[in-house]
Amino acid sequence: MGLFSSKPDIKKGDMVYAWTSDAEIAKKAECGGAVTTLLKYALENKMVDAVLAVQRGTDIYDAVPTLITDPKKLAGSAGSLHCGTLLLSKMIKKYLGGAKNQKIALTVKGCDLMGILEIAKRNEINLANLFIIGVNCGGTVSPIMARKMITEKFGVDPDTVHKEEIDKGQFIIEYEGGHKGISIDELEEAGYGRRSNCRRCLYKVPRQADLACGNWGVIGDKAGKATFVEVCSDKGADWLSRAAKAGVLATEAPNPKGLEMRQKVEGAMLKLGEKWRKRDFAALSKDPWGVISKETSRCIKCYSCIENCPVCFKPVEEMAKKSYMVEPGQVPPNPMFHMRRFAHISDSCVNCGQCEELCPVEIRLALFSHAIRAEQDAVFAPKFGKPAYSN
Ligand SMILES: Cc1cc2nc3c(=O)[nH]c(=O)nc-3n(C[C@H](O)[C@H](O)[C@H](O)COP(=O)(O)OP(=O)(O)OC[C@H]3O[C@@H](n4cnc5c(N)ncnc54)[C@H](O)[C@@H]3O)c2cc1C
């Protein structure tokens, strides 16, 4: 790993603090605005044809994926949204032609990225045309849970909240009349907090992206004002170098204490993820098939789980009727419908949680399929090592 200061010759493995020179981006950005500045630089300099960003919709609980082709509009996409129902991977295949005929720069969380990699393995996304900025992710909260938690635990009307953030282990809200933070641990012990798949996630720093950005490790006078950037590929190194040399963002070597802290926080988050895995999977240890068949008896065959899964993208009709042998008119379907779907994705489930998040009858589908994937990983890891990215 190399550390350097101001006029960088940046290479893969480097880590820097970076911050924007653009006042409009600085005002709206989550930290140093490096992410939005890099996206804007790529679009302005025709490195890409478009940027896929996530913007606030009708309120702070509504995260809207947006394709931007006008660099002037990028500042509006700055800032982090922790409460959307969102996964970007399948959208690239479904609505952007798998990036086969256009170059796209985008910001992703770990789960978005794992989904993209899985789809790319199946030749349905062209990775060479993607410029990927990964953001560290401690987890997201579903919009419904966020509203419930803000009402019941914070005692605040969720419609008066104009900003939310997750910082130093707290979920913090700013609302008309004040701001309040409650520790995530306390919220989760009381049954609120992050999505259950996010709690179990072990992919906190997305190092398979070109650049991995976050706020962990930014301390001292740069705290809150710089973005921590880890350079993960040659493409990322070139992108950051060009932007820094053009003067659209500044960089400096990270504080060594900050580096240590970043490592510690990542380690603590991974331990927490392991704790939640143990806890959640224990519920299945006695009679897994009994639990699964009882819960899936609520299934109404809407196929949302197939439609929204990033690793399963055969036409829903074909999957449901042929591969899974679902009888027309039979509700609930034979539990084997679900078992076969789990088997079909068991080598590649990325624990993104979309199947569960979007299930109208709230079957814990992500838990079941994640447990199966994790068990298989555990069986083969001693001989073959852990997967490159671990869900
Ligand atoms: C859900 C979430 C959780 C995070 N948790 C952590 C954490 O625990 N530790 C840590 O170090 N950093 C975390 N981050 C990253 C951090 O909040 C900043 O995004 C990062 O430091 C970059 O700052 P910036 O000022 O350069 O970004 P900005 O210039 O403000 O740009 C932010 C970018 O994030 C995109 N974005 C916003 N919301 C989402 C979303 N839900 N999904 C995908 N893209 C989105 C925007 O489109 C924009 O491109 C998290 C980010 C998100 C979105």
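**Close-up views of a predicted model**

**View A. Burial of helix α2.** The buried residues of α2 are Ala34, Val35, Thr36, Thr37, Leu38, Leu39, Lys40, Tyr41, Ala42 and Leu43, so that 10 of the 11 residues of this helix are covered. A residue is buried if 20 or more other C-beta atoms, placed from the backbone, lie within 10 Å of its own. Helices (H or I, at least four residues) and strands (E, at least two) are DSSP runs, numbered from the N terminus. After α2 comes Lys46, with a positive phi near 60°. The model is predicted: local features need pLDDT of at least 70, side-chain atom pairs count only at pLDDT 80 or more, and totals for chains, interfaces and linings use all residues. Residue numbers start from 1 along each chain as its sequence is written.

**View B. The shell around the ligand.** Among the 34 residues around the ligand, Val35, Thr36, Ala53, Gly138 and Gly214 come nearest; a residue belongs here if its C-beta atom, placed from the backbone, lies within 6 Å. Two or more residues each are given by α2 (34-44), β2 (50-56), β4 (104-108) and β9 (211-214). The largest share, four residues, comes from α2.

**View C. The open sheet.** Eight strands with mixed pairing follow the order β3-β2-β4-β5-β9-β10-β1-β11. Because β3 (63-68) and β11 (249-252) stand at the edges with a single partner strand each, one side of each has no neighbour in the sheet. Two strands pair if DSSP finds at least two bridges between them.

**View D. Pairing of β2 with β4.** These strands run in the parallel sense over three bridges, and Ala50 stands opposite Ile104 in β4.

Notes: Buried ≥ 20, exposed ≤ 12 C-beta atoms within 10 Å, placed from the backbone.
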